[in-house]
Amino acid sequence: MTIDSGGDDPAYRRLADVLRTQITRGEMEMDRPIPSAEALGERYGLTPEDVRRAVQVLRDEGLLYTLEGTGDFVSSRAEETGGG
């Protein structure tokens with residue numbers, strides 16, 4: 001599956017939308033790691049920079065948090081928005 005290159009939104013925004021939907025639908029569990037940036041890039045056909053930017057968007061929204069040296073995890077805030 002790749003992120004559609006059409007539309008006005010940049011690829012990282014479209015990836016953030018996909019991940020946000022997965023989180024809020026409970027497809028990603030609270031306090032569990034999300035796939036690695038490398039895995040997400042391969043899955044959606046995006047550059048590492050696009051993946052990093054998408055993850056940062058979700059961190060800024062409070063849906064993800066980072067444990068240094070461990071990875072990015074779904075925040076308990078996701079539960080407040082309907083996920084987790």
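Visitor: What is meant by calling P48 and D60 exposed?

Guide: P48 and D60, on the other side of α3, are exposed; the term means over 50% relative accessible area, while buried means under 20% and partly exposed lies in between (1.4 Å probe, protein chains only). This is a predicted model: local features need pLDDT of at least 70, side-chain atom pairs count only at pLDDT 80 or more, and totals for chains, interfaces and linings use all residues. Residues are numbered from 1 along each chain as its sequence is written, and side-chain values use heavy atoms, without hydrogens and water.

Visitor: Which residues of α3 are buried, and where do they lie on the helix?

Guide: They are D50, V51, A54, V55, V57 and L58. Viewed down the axis of α3, these buried residues fall within an arc of 150° (taken from the directions from the axis to the C-beta atoms), so they line one face of the helix.

Visitor: Why is D72 called buried?

Guide: The relative accessible area of D72 is 16%, so D72 is buried, the limit being under 20%.

Visitor: What makes the pair of D72 and R59 a salt bridge?

Guide: A salt bridge requires a side-chain nitrogen of Lys or Arg within 4 Å of a carboxyl oxygen of Asp or Glu. The closest N and O atoms of D72 and R59 are 3.0 Å apart, and the pair therefore qualifies. The pair links distant parts of the chain, with D72 in strand β2 and R59 in helix α3, 13 residues apart. Helices (H or I, at least four residues) and strands (E, at least two) are DSSP runs, numbered from the N terminus.
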